[in-house]
Amino acid sequence: MRARRSRRSPRARSSAGVRLAAVAGSTLAAFVVSSLALAGFNSAGTGGPMSVTTKRIFSGSRSTFPNDLRDASSGAASNKSDPLAYDDGIVDATGAWANAFSATRFFQADFNSSRPAGVPTSSVNFNIKYAGVATGNACIYKIELRRVSDGGLVGTLDHSASPLCSTGTTYRVVNEDISTYVTSTDVANDLRIKIFGYETASKAWNIEYATVTGTSYSAWTLFDTTVTDQSTGTAATTPWSIATAEATGAAGTIYTDASNWPSAAPAGTKYLQVTFDHPDLPTGAVVQSVTLRNIWRAAAAVTNGGTLCNYFEVYNGATLVETHGGTTQATAQSCNNSNVTWQTDNATLTLVDTVAEANSMTIKFYYWIAPICGGGGNPTCVKSVTDQVQATFTYYLD
Amino acid sequence: MRRKLFNARKLLFSIAALGAAASVAGLGTFATFTSSTSASHTIASGTLSLTAPFSRLGTGASPIAAGDTMQRAFDLSYSGSISFASATLTTSATPSSGLDTDATDGLHIAIDKCSQAWTESGPPYTYTCGGSTSSVLASRALIGSAIALSNLTLTAGSTDHLRVTITLPGTAGNTLQNQSSTISYTFSGSQRAGTDQ
């Protein structure tokens, strides 16, 4: 058998050999360079482990408004609370519904945004108590959860197959678990609930309350800020009167007390009282500051050099915590003789410094006309108009 | 023609031999020093040891808020007989959370050196330097691998007095509430370049 011979010329074979040698040499050289670069001693020392944990709730300011309002301007307290806030016999009466579902008929509530942001939520429920006003049955066909900010749909509770109906005027209580949809306070703080319903006799509903409850370290409750009643097919929007500062004085956006305020000096029995019963600071929170804002003016101009003045007291239950302003014009919290210009009082409640005090804070505003009112040539006696009462709680939770 | 082929083979063998010799030389330089020869003098290998004989790095903090800082001092000692050329830091987190994965708003680290031991007060620990300070690591995201450190002494037998400052930026948002991370620190040193001995 003959050895196979290369067809390449000896010169070509020689060139191939040179190339092979160059490659081999380069490889070896590279190995040497690698050795130079990578060899050497190393040593390592360790530190830690260091555990770092952040606060459960960062410090921040959360504002809310009172839903419990008592008017004692006459000397006898009258409950003027938010109709949808409490099971107190004060109801929100809707317009007349159709006797069957209609996509254009609903009752909608936007809730307050008092929760610290970015906190997980659990056991979130929408709670509503309602009934027909007559013999027909008030029925919930479906409930939509939406974002207030953009109207975006968060979730739907569809009861179209078996609507949730009251029996005539007997109230029905529905507690819908919406934990699947409201998973954080970011959603809870931007929550709109839209109820599509009907009334079998095409009548109105009475709604005793509509709230949202949940838990984020501690239990909390959200109340309505604004309600839109489109039960008739035409929208009628009503804000809770003292929740927000519209500064318009328009009916429904303000609260005008029932009686003229006393002359010359405040009376201990005549006041406007608000209660912040659901700031819902979690147990263990550290209260850093609490401020109160009251935006108000006279219902009518105070004539003849008079002015409407006030001072206020802060209570924790029945216990007086602190007083702001005195009982004379010179020492009053503020005075305002205008029925146009709003007086904004911002006060820091320095002695409200515990969770218990913050979570059950009652304010009594005492108004009077200084130096005197009524009678010939004297300033007129007037009522007050309140645009907003708001408390801001700054706190954190370790 | 045959002569040319012979020359090419010679060239191939020569280059290969040179490469092999260089390789052996390299191995001789960087392999362990424990091998011995018939010569009468002794060649012993040097040692490198980087330790943290004093360290507060194991002291955590809870609960912290946006804008908080944590200072922890530690000493980095270079023992053995060979100085270091450089040192790096590698950090890791187990368990991990947004505190260490968020490079922007999560935890940041900075390291400073004091020419003498830091004077400690607390807890919470804070430190003052009675000598001069220099920056070893400018503020950056906490987690990283082989992060270059500067201004270290690195000389065998010496110690650097260091202070780590961990910061949760004021921009940390609510998503970083109730988060937990456990951080481990590894300081690595490489020996200085070889010299004639």
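**Figure 1. Burial and fold of chain B in the predicted model.** Of the 197 residues in chain B, 30% are buried (20 or more other C-beta atoms within 10 Å of the residue's own; 12 or fewer is exposed, in between is partly exposed; C-beta atoms are placed from the backbone). This is a predicted model, in which local features need pLDDT of at least 70 and side-chain atom pairs count only at pLDDT 80 or more, while totals for chains, interfaces and linings use all residues. Residues are numbered from 1 along each chain as its sequence is written, and chains are lettered from A and ligands numbered from 1 in the order in which they are written. Chain B contains 2 helices and 11 strands, arranged along the sequence as α-β-β-β-β-α-β-β-β-β-β-β-β. Helices (H or I, at least four residues) and strands (E, at least two) are DSSP runs numbered from the N terminus. Among the contacts in chain B with a separation of 6 or more, 78% link residues 24 or more positions apart; a contact requires C-beta atoms, placed from the backbone, within 7 Å.

**Figure 2. Confidence of the prediction.** Chain B has a mean pLDDT of 80, with 75% of its residues at 70 or more; pLDDT is the predictor's confidence in each residue, from 0 to 100. In residues 1–39 of chain B the pLDDT is below 50, and this stretch has 48 contacts in the model beyond near neighbours in sequence. For the complex, the predictor gives an ipTM of 0.76 and a pTM of 0.82.

**Figure 3. An open sheet with strands from chains A and B.** The 5 strands follow the order E2(B)-E1(A)-E11(B)-E4(B)-E9(B), with mixed pairing. Strands pair if DSSP finds at least two bridges between them. At the edges are strand E2 (61–64) and strand E9 (147–148) of chain B, each pairing on one side only. Within the sheet, strand E4 (residues 84–93) and strand E11 (residues 180–191) of chain B run antiparallel and are joined by 9 bridges. Ser86(B) stands opposite Ser190(B) in E11(B).

**Figure 4. Strand E15 of chain A and its two partners.** Strand E15 (residues 224–230) of chain A has 5 of its 7 residues buried, so it is largely enclosed by the rest of the structure. Strand E6 (residues 106–111) of chain A pairs with E15(A) in the antiparallel sense over 6 bridges, and Phe106(A) stands opposite Gln230(A). E15(A) is also joined by 4 bridges to strand E16 (residues 236–239) of chain A, again antiparallel; here Val227(A) has Thr238(A) as its bridge partner. E15(A) and E16(A) form a hairpin with 5 residues between them, and Gly233(A) in the turn has a positive phi of about 100 degrees.

Key
Contact = placed C-beta atoms within 7 Å.
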